[in-house]
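Here is a short report on one chain. Look over the sequence and the model before reading on.

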Amino acid sequence: MSNKRSFKEWKRRCISFVFSLFILGIGVSLAIRANLGSSPITCPPYVISMVPSSPLTVGGYIFCMQFFFVLLQFALLRKDFKKIQFLQLGVCLLFGLFTDLGMWLTEPFQWGDTLSGYIMRWIQLAVSGLILGVGVIWEVHSDVLLIPGEGLPVTIAKVFRIDFGKVKIMFDVFLVTVAIACCYLFFGKWRWDLVGVGTLFSMFYVGIVVRFVTPHMKWLDDWLSSDSRQHQTASSINLDSKSPLIITISRQFGSGGHEIGEKLAAALGISLYDRSIVDRAADELGYSPKSIIEKEQKTSDMDLLEMIFAEGSGILPEMKLSEDDSIFVTESRIIRNLAQRGACVVIGRCADFLFKDNPNCFRVFIRSDKESAYKRVVDQYHISEQQADGEISRINQERANHYWRYTRKRWGDTDNYDLVLNSSKVHIDDAVNIIRSAIHC
């Protein structure tokens, strides 16, 4: 959460966050009314609420369960538990109330056991997943507080240093298992209308909705951070301006882009951020720097599966995503925070996209002819001649995939940069001077 938000922006974000809880309450209720199985986070409360002698509503049990999650976070984190996170208790109450309100509003949306009824149930489940997906995105972009159902897995991952994606999957499986156990305990059998195929469907479908709808929600970010954006001026790039100079350098493997960044930062007397970002992210997430580097730009099918599971519900980006996405979001926040401290050069890590709306950011892309890249890779990185071509292609493709995944833009597209240099045509020192000349430094 940003510490430099105006009161008006905080007010907008809080209202937006409360609205997102209302959207989630409606989505959860529609899923329940479909009678195909509720989402994992609501499974145990829903099953218990259906017991004939149950004294509380599903919203009441949601509050009780999430209240317990807050206590567990406090017990695990102890001194590291920030007092502001006690506000999660208020989130529990609101989410429970909105779920009950949603159950009342969606009461007419129940269907019989006919063929048309089953079709309508699946349509309703799909609609509820769409609503939940929008609610998750709204929640994420509001960037205010944690939902206890997400805060607890994050806490477990942090305390025991386990990949959050794996913790989220195990946590959801645990909740579903508890719900099934409650079915046998209270009803003597597995109730498929309470914990069924719809439960599994929701775990995948909501994450897919989040991934496809997110690129179309930029307007929400614009509205939420409008004060911050208005504060930015269209002044020319200047080291002495109130908004620090940020030079981002994207580069092909073997182009010498990193060396150009180092020499540029030294010539200007400003900070260089590259490996230091990895070290900070590793410290914050509890991983080793080596594991961060290995995972930064690699996306396996299993990672995508974990991400879909982990995106079923959540609050802050790093609180709900897979390990890879958590690394990206954490590094992005670190980069933004570091850039606020003073002028700097940032190498890689989609920094050109992160600062695309910053008028005092100058974006550079360094490319190279294949022959020059081949020679530099062999000479500087001590990669064998037989492996050089394959390594150059592999790393450039990984960087392109990584960039597309988080920006939905083509890596190396000239429209994304203010200056594109071919290091095969100019010397490294000349490239530094060209950049300095372009920013009048």
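Leaving aside its neighbours within four places in sequence, which residues is Ser29 in contact with? They are Thr99, Gly102, Met103 and Thr106, where contact means heavy atoms within 4.5 Å.

This is a predicted model, in which local features need pLDDT of at least 70, side-chain atom pairs count only at pLDDT 80 or more, and totals for chains, interfaces and linings use all residues. Residues are numbered from 1 along each chain as its sequence is written, and side-chain values use heavy atoms, with hydrogens and water left out.

Ser29 lies in helix α1 (residues 7-33). Helices (H or I, at least four residues) and strands (E, at least two) are DSSP runs, numbered from the N terminus. A polar atom of its side chain lies 3.1 Å from the backbone nitrogen of Met103.

The unreviewed UniProt entry places "transmembrane region" at residues 55-74, 86-106, 169-188 and 194-213. Such annotations may be inferred rather than shown by experiment. Two of these stretches are tabulated.

| Residues | Helix | Strand | End C-alpha separation |
|---|---|---|---|
| 55-74 | 85% helix | 0% strand | 28 Å |
| 86-106 | 86% helix | 0% strand | 31 Å |

Elsewhere, five strands form an open sheet, ordered β2-β3-β1-β4-β5, with parallel pairing. Strands pair if DSSP finds at least two bridges between them. The edge strands, β2 (271-273) and β5 (419-422), each pair on one side only. Four bridges join β1 (residues 246-251) to β3 (residues 344-347). Ile249 has Ile347 as its bridge partner in β3.

Definitions and conventions:
A polar contact is a pair of N or O atoms within 3.5 Å; within protein, one must be able to donate a hydrogen and the other to accept it, and residues adjacent in sequence count only if both atoms are side-chain atoms.
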